[in-house]
Structures are given as C-alpha cells and as structure tokens.
Amino acid sequence: MTNLAAVLHGPGKLEIRDVGTPDAVPGGISIEMMLSGVCGSDVHLYEGQAGALPISVILGHEGVGRIATLGAGVSTDYAGQTVSVGDLVYWAPIALCGACYTCTVLEQTPCEKSSFFEDAEKPNWGTFQERIWLPARQPFYKLLDGTDPVALAAMGCALPTALKAFDQVRPVRPGETVVIQGAGPVGLATAMMASVSGASNVVVLDSVAAKLEVARTMGATATLDLSMTTAEERRAAIYELAGPTGPTVVVEATGALPAFVEGSDLTGVNGTYVVLGLLGDVGRTDVHPGDISWRNKSIGGATFPKIKHYYYAVQLARKLQDRFPLADLVSHRFKIADTEAALRAVGSGETVKAVIDATL
Ligand SMILES: [Zn+2]
Ligand SMILES: [Zn+2]
C-alpha cells in the first residue's frame, strides 16, 4: 500500500512521494485522509515566512478522515464514543505533552513540549498525505451521525479559532454589534458564531465583493467593501448601525497590518478588539493608549485552539450545516499531487476554502 504525501524540504521545495504507511501504535490510530483544508498558515510555512523548519515535514493540519487502524487499547474517541475502523473522525493537530506547566496549570495550547509537526521520515499527522498517524494521547473525535464531512472540512481550523476567541477573549452577547475585518475562513466562522450568539448586527469588511456575498450567507447582516469605501465612510456606517458609542466587538481576521489601526479605532466604548489574523512576525503599528483607557477598550488576541474547541467544532458542524451553507464554502479541490497549486491558490486569495481531496 502506498502513501502519497506532499513533503516540504524547505521554503518553496515541495516533493510528492510515497512515504510509506505506518501502523498504529498502542493508544494511537491511523487515519485514511478524506479532505484536508489548506490553511493560510500552510502557505506561510511553504513560502518560508514562518522561518525555515529544521526538518522536512508534511504540511496540513486540518482534516476529516476515516479510521484505518486502531492501536491496541483504543476502543473509544476522546469523548468516550465507541469507535471502529471506517468511522469518520476529526482531530486536534497539536500534540500536547499533558505534563508541563502550560498543560497542567495554565490549561493552554500550545505547551512547552508541543509538537506541531513530526519529521516527514517518521510517522506523522501532516494532512497532505493519504494516510496519517496519530500518536497515543493525541485527541480525536468521531463525527456525529449525519455530519457532512465537507461541511466540517470547510470549517478547518477556522471554527476552532473563532471558538477559542469567543471563549478566551470575550463572548458575544445578545444584541451586540460585531464587526469582522476579513471574509476568509476565520472571518466567516466568526460571523456564523456571532450570528448564532445573538448579535443584532454582524458587519463584515473585505475588499472582494464575491467574498462579501458569501459572508451574507454566513450570518453577516451588513457588508462593507474596502475597495468602494473610505475608512471614514465605514466608520460612519458602522456607528449608524451600532449606536453612538460604537461596536462592542471588532474582530481582526485579515492578517493585514493596516487592518489593526482601523479595527482598534473602530472599536467602541467598552468594546473589545479581538486580534486573530495578525499572527507572529507581522511588524509594528500605531496604537493609541489614551483612547484605550479613555474609552474603556480592551485588545485581546487568540490563536491555537484548545482541544475542546475541536470537539465543539465537531458538534457545531452537525448542528449548523443545515442553517449555513458550510459545504458550499469549499470553492477549490486539489489532488495531493497538486498541493503546490493548492498553496498558490490560497496564497493568491482567490479561494473561499481550498481542500486537498485525498480520494481524487
Ligand atoms: Zn489552519
Ligand atoms: Zn505540555
């Protein structure tokens, strides 16, 4: 049996080859990949923007697949549901040690000893391959009956990220106005969660009209096209909807540095600016500390969903797939052999959600 994989040797150096099929270890499982989401962070790693990795890796950290083999001792998923070979599952992609300060005291992700990747030469859980392998103690969850695997794959790590943001930084309260900068997967998942949380207004900003159309199907009640409006016009439109003191939640989901100045400025009195897309080494920009204190504003960031957010994503995909057109968000499908084209498509911004379909 072959296991075709997209192996990244260094920035821009991707090789498609058979890496062999590992057996499940005691306590672990192996999974036949079905769909793997291509994430903006995969593009950053491919382009070397996150620094060169010290090892060759198989990219991809989002996906849905079927259990291929169960290691000794595994009879349930990590929520206690009985599992068998062939069951559809979803998993948390960061392996935590469970025995360090961050794991046991802070209860946070990632921890001091977490691994995001394993060497491509060893069994690993990079999803751009036909068959992945989860070590013992790496949580996975069975999909609920009736879940469309495409719907869950479309949400990728975007829904867990939105869930962590609203869990850790601040929840959305009924009646609030939520402004979301960016209609990529994280922005869309955030719009959906703001909508189901009871926000009165969910305003999404983007420069691509087609993506704003999609945002309307995902809970946005109003959209503003960055290419057709000035920052002053957007502010006026948003304050008109939110009321005189402005929106109480503004979410940055663009990854574009100029968004920060506009987003922190848009955030209203007693409001919170939630930074999700500007991740890592993105540069510095202006902040107005006097405005933050004078108007009782907060700024919070969130990334790296906790394990429970992946569990809740599995539950919510089933509950929400009929209310929101989740499966339709998958705009591009690629074979494993075309991983490079998939990464380029996501990098260019032309996709709503691209997936690698291991069954093609
Ligand atoms: Zn991701
Ligand atoms: Zn740990």
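Helices (H or I, at least four residues) and strands (E, at least two) are DSSP runs, and they are numbered from the N terminus. The model on the screen is a predicted one, in which local features need pLDDT of at least 70 and side-chain atom pairs count only at pLDDT 80 or more, while totals for chains, interfaces and linings use all residues. Residues are numbered from 1 along each chain as its sequence is written, chains are lettered from A and ligands numbered from 1 in the order in which they are written, and side-chain values use heavy atoms, with hydrogens and water left out.

**First stop: the cavities**

Rolling a probe the size of a water molecule over the atoms shows where empty space is left. On a 1 Å grid over the protein atoms alone, a cavity is a set of points where a 1.4 Å probe fits but cannot get out, and lining residues have an atom within 4 Å of a point. Grid points are joined across faces, edges and corners, and a volume is the space filled by probe spheres set on the points. By this rule there are three cavities of 30 Å³ or more.

Select Val261, Ser264, Asp265, Val287, His288, Asp291, Ile292, Lys297 and Ile299, which line the largest cavity, whose volume is about 60 Å³. Helix H8 (258–266) and helix H9 (289–294) are the elements that give two or more residues to this lining, and H8 gives the most, with three residues. The lining divides into four nonpolar, two polar and three charged residues, where Ala, Val, Leu, Ile, Met, Phe, Trp, Tyr, Cys and Pro count as nonpolar, Asp, Glu, Lys and Arg as charged, and the others, Gly among them, as polar.

Next, select Leu8, His9, Gly10, Pro11, Leu45, Gly51, Ala52, Leu53, Ile55 and Val57, which line the second largest cavity, with a volume of about 50 Å³. Strand S1 (residues 4–10) gives the most to this lining, with three residues, and the lining has seven nonpolar, three polar and no charged residues.

The structure holds six aromatic pairs, a term for rings of Phe, Tyr and Trp (its six-membered ring) whose centres lie within 6.5 Å, with planes under 30 degrees apart counted as stacked, over 60 as edge-to-face and the rest as tilted. Select Tyr90 and Tyr310, which form a tilted pair, 6.2 Å centre to centre and with 50° between the planes. Tyr90 lies in strand S6 and Tyr310 in helix H10 (residues 307–320), 220 residues apart.

Both Tyr90 and Tyr310 are buried, which means under 20% relative accessible area, whereas exposed means over 50% and partly exposed in between (1.4 Å probe, protein chains only). Then select Tyr141 and Tyr311, an edge-to-face pair with 5.2 Å centre to centre and 65° between the planes. Tyr141 is buried, with a relative accessible area of 6%, but Tyr311 is partly exposed at 28%.

Methods
1 Å grid on protein atoms, 1.4 Å probe; cavity = no way out; pocket = protein on both sides within 12 Å on 5 of 7 lines; lining within 4 Å.
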